[in-house]
Amino acid sequence: MPLVAPDNPVHDIKWWHTATVYQVYPRSFCDSDGDGIGDIPGITSRLDYLQRLGIDIIWLSPIYQSPMDGNGYDISDYRAVAPEFGTLGHFDRLVSEARARGIGIILDLVVNHTSDEHPWFLLSRQATDNPFRDFYVWRKPADDGGPPNDLQSSFGGPAWTLDPTTGEYYLHLFSRRQPDLNWENPKVRAEIYEMMNWWLDRGIAGFRMDVIDYIGKEVDREVVTDGPHLHDYLKEMNASTFGDRDILTVGETWSATPGSALLYSGRDRKELSMVFQFEHVTQQWDAVYGKWRPKPFDLAGLKTVFGKWQLALARDGWNALFWGNHDLPRAVSRYGDATGFHSQSAKMLATVLHLLKGTPFVYQGEEIGMTNMPFTSINQYRDIETLNMHRLQMEAGLSPEEFIRGANESGRDNARTPMQWNATQHGGFSSGTPWIEVNPNYATVNAEAAMTDEGSIWNHYRKLIALRKMHPVVVYGDYQPWLDHHPDVFVYTRTLEEVRLIVVASFRPSEVCLTMPMELLAVGKCLIWNYEAVDRVETEMVLRPYEAIGLLTDA
Ligand code: GLC
C-alpha cells in the first residue's frame, strides 16, 4: 500500500521516510573465512536475518582498501575493497542479494581525509611543486619551527605533522595517518565526484558522509566545521553526483544545530537527505574531559534536545534518529540498565526513539541488547582513539584504573566487539581468533536466542520497524512533548489528522507514580509495550521499571 501523507503540505514523500537503516561495522559483523575479521561474504550470509528484522537499508562502515590505522576510515584506494573484507565481486553480489530482499546498501563516504598511503598523498609529499601537492593542506612551519597554528587533532595532540622531505607541515584533523584533503582544490572535488558516480553506477542506495561538516574548513583562520564554502561544496556534489538519483544521503555533523540542519536537509536546498546531529550525545559530556568523564544521565536535558530537534525540523528538513553507532557506547549501557533491567530498558529505549519523527538507525547488535565491554587491561583495546588517549592521559598522571573505568564507559571499542550470533565459541562470529574479544555475555545475549523468544528485544525491534510502515502517524505525525520537566519519564504525542499516538516511557529502575495531563486521558489500541498492553491513559498511572507504551487513540 503506498503511503499517503494525508493533507501533508510539509514533506514531499520520500521512500526513506518509512525506512529503517541498520549499520554494519564490517570488521565485527560476521567472519566467513576464519581469519578473525568480519567480511563481505559474512554480511551476505546474514541478509536473511536482516530481512526478517524488517530493515530497508544497510549502512556499511568503510570497506575500501586501507592500511586500517583507523579501521578503514583511512582509505588508500577508493575504488578497491580491502582484501580482508573481500573483493569487488563480493561487494556486487552483496548489492544484488540485498536488492533481491528489498534492501539497499549505503556506503561510508570518507572524503575529508585519506590514508597517508593513498597515492595522492605519496605524490603530494614528494616535492612542493608536485602536481598533487595541492591535494592536501601544507603549510610552512611557524617562526619557531613549530606547527603553523594551534589546530588540534580529534584524537589528541596537534593537527599538524612535519614532513622531513619538504620541511613543511601537513594537516590531519584525525590521526597523522589521515591527512586532510584540500577541498579548495577543484581537482580534488572533481576526483571525489567521479569516484562517487562510479559507486552509484554499481547500484548503491546512498552515502553516509563521514565528518562532512569539516570539508569547508578555513585552515588559516582555524575554522574547522561550518566553513564558508561548506554548503557550496555540498550543492556542487549533489549536482555532480546523486542529484537526479533517488538515494539516501546522511551527513555526520557533530557541529549541526537545528539551523544548519535545515541548510543541509531543507526541501529546496539540493544538499542531503538528513544529517546526524549529536547534541543528545555531547550534552551528556563533561565540559573539560568530554566523553571520558560523562555526567550523570539527565533525562530532562535529553528530552529538551530531542524536542528541540523534533520541532525545528517539523515543517522542513528531516531527522536522523539514533542512540548508538561505531563511535559511541552501547545504548542500553549508556541510557538504560544493562544488568538489572536489560530487556525492559533496551525495549523502552527502542520505543522512545522509533516513534519519533525521522529515520531510525539501528547499530548492529543493538537489536539484541548488546552491552558495553568489561575490558580490564589496556592491551585488550584496539581503537586508535582510545590508545592515543591512554598515552596522553598516562603522561598527564591519570591512574590506569581510572582510565579503564572511563574507556569502558565511553570508549569506541564498546561498540566494536563482535556481533553475537549464537552461544558457540566467540558468539558464532568467527571460527578463528577474533581481532577484538567477544563480550563474555554472548552465551545469553545472542541473535539465535533472541529470534526464538517471542518476548525478546529483537522481536520488539521487529514490531517497531513494522509499525512505521503501517501507521502514517509514526512517519508524519506532529510531535508534542508533555511533562517536560519530569526527571524520570518521557511522554510525547504524535498527531496526524484524527489520529494520535501517545508514547509514555519511564527511564527509572523503580516504579514511578504519574499524574497525567487531562488532555492525554484516552482509551485506544496499544501498538507496542514492554510489560503488558495498556489500553488507556488514566489520571493516575504507575509505571513499572523502564516501562514503555505506545497507544493509538483518536486525536
Ligand atoms: C568519524 C567516524 C569515526 C572516524 C572519524 C575519522 O567520526 O565516525 O569512526 O574515526 O570520522 O574518519
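These questions and answers walk through a predicted model, from its domains to its ligand.

Me: Into which domains is the protein chain assigned, and which residues make up domain 3?
Reply: The assignment gives domain 1 as 15-112 + 186-377 + 415-461. Domain 2 covers 119-171. Domain 3 covers 477-554.

Me: What distance separates the centres of domain 2 and domain 3?
Reply: The centres are taken over C-alpha atoms. Between domain 2 and domain 3, the separation is 55 Å.

Me: Which residue in β8 is the bridge partner of Arg 139?
Reply: The partner of Arg 139 in β8 is Tyr 169.

Me: Which residue in β8 is the bridge partner of Trp 160?
Reply: β7 spans residues 160-163, and β8 spans residues 168-171. The two strands run antiparallel. The partner of Trp 160 in β8 is Leu 171.

Me: Which residue in the hairpin of β7 and β8 takes a positive phi?
Reply: Four residues lie between the strands of this hairpin. A positive phi near 70° is found at Gly 167.

Me: How many residues surround the ligand?
Reply: The closest are His 113, Asp 210, Glu 252, His 326 and Asp 327. The number surrounding the ligand is 13.

Me: How far is a polar side-chain atom of Arg 412 from an oxygen atom of the ligand?
Reply: For Asp 210, a polar side-chain atom lies 2.8 Å from a ligand oxygen. An N or O atom in the side chain of Glu 252 is also 2.8 Å from an oxygen of the ligand. For Arg 412, the distance is 3.0 Å.

Me: What share of the ligand's accessible area does the protein cover?
Reply: On its own, the ligand has 310 Å² of accessible area. The protein covers 96%.

Me: Where does the ligand sit?
Reply: Asp 210 and Glu 252 are among the closest residues around the ligand. The ligand's site is the largest pocket.

Note on methods
Residues numbered from 1 in each chain as written. Predicted model: local features only at pLDDT ≥ 70, side-chain atom pairs only at ≥ 80, totals over all residues. Heavy atoms only, no water. Domains from an automatic or database assignment. Pairing = 2+ DSSP bridges. Near = heavy atom within 4 Å. Polar contact = N/O pair within 3.5 Å; in protein donor to acceptor, adjacent residues only side chain to side chain. Areas by Shrake-Rupley, 256 points an atom, 1.4 Å probe, with all protein chains shown as cover. 1 Å grid on protein atoms, 1.4 Å probe; cavity = no way out; pocket = protein on both sides within 12 Å on 5 of 7 lines; lining within 4 Å. Sits in = over half its atoms within 2 Å of the grid points.
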